[in-house]
Amino acid sequence: MYKSILYIEDERQIAEIYAELLKPYGYEIELAYDGESGLQQARSKIYDLILLDLMLPYRSGTEILDILRDKTKSPEFSDATDIIILTNFDVDDATRQDILKKAQGYLIKVDVTPKKLVEILRGMESKKQAWPSQAPGTT
């Protein structure tokens, strides 16, 4: 189960609403309000999940995603941490597919209420638990 979540979102009111509405479901939410502090938090602690906006001050969400998934730039970042893009910035299909090579989901905020987000997270958790663990090269 996702327990610890970092939500990197520059719109404080949105971030705080999501955090308050997700807490009763057992999620521990930490917030970062800009790209630079979000990147620092993501590197300093292991989270189960990062919710990441794309349009952020100081560093964009795509830049953060690229840095965190690049082991030469973020060797301390856990590959087990899932990242879901949660943004109002819609992109073309090619860009979305490129992002989804590094993130486990791409959601448009206006389409996803906090309750719907919980349903999505629970569905992802179920799928993750159902996948057998495999050591590299043992297919």
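**Contacts, a helix face and salt bridges**

Leaving aside residues up to four places away in sequence, Tyr7 touches Ile14, Ala15, Tyr18, Ile29, Glu30, Leu31, Ala32, Leu51, Leu86 and Lys109. The model is a predicted one. Tyr7 belongs to strand 1 (residues 4-8). With a relative accessible area of 1%, Tyr7 is buried, because buried means under 20%. The side chain of Tyr7 also makes a polar contact, at 3.2 Å, with the side chain of Glu9. Between Tyr7 and Ser126 there are 119 residues of sequence separation and 21 Å in space, C-alpha to C-alpha.

Helix 3 spans residues 61-69, and its buried residues are Gly61, Ile64, Leu65, Ile67 and Leu68. Viewed down the helix axis, these buried residues fall within an arc of 165 degrees, so they line one face of helix 3. Their packing partners are helix 2 (35-44), strand 3 (49-52), strand 4 (82-87) and helix 4 (93-99).

The whole structure contains 12 salt bridges. One of them joins Lys3 to Glu28, with the closest N and O atoms 3.6 Å apart. This pair links distant parts of the chain, since Lys3 sits in the segment before strand 1 and Glu28 in strand 2 (residues 28-32), 25 residues apart. Lys3 is partly exposed at 44% relative accessibility, and Glu28 is partly exposed at 43%.

Asp79 and Lys71 also meet through their side chains in a salt bridge (3.6 Å, N to O). Here Asp79 is exposed, at 58%, whereas Lys71 is partly exposed, at 35%. Arg96 forms a salt bridge with Asp90, the closest N and O atoms lying 2.5 Å apart; Asp90 is partly exposed at 48%. Salt bridges with shared partners also join Glu9, Asp53 and Lys109 into one network.

Note on methods. Residues are numbered from 1 along each chain as its sequence is written. This is a predicted model: local features need pLDDT of at least 70, side-chain atom pairs count only at pLDDT 80 or more; totals for chains, interfaces and linings use all residues. Side-chain values use heavy atoms; hydrogens and water are left out. Buried means under 20% relative accessible area, exposed over 50%, partly exposed in between (1.4 Å probe, protein chains only). Helices (H or I, at least four residues) and strands (E, at least two) are DSSP runs, numbered from the N terminus. The arc is that of the directions from the helix axis to the C-beta atoms. Contact means heavy atoms within 4.5 Å. A polar contact is a pair of N or O atoms within 3.5 Å; within protein, one must be able to donate a hydrogen and the other to accept it, and residues adjacent in sequence count only if both atoms are side-chain atoms. A salt bridge is a side-chain nitrogen of Lys or Arg within 4 Å of a carboxyl oxygen of Asp or Glu.
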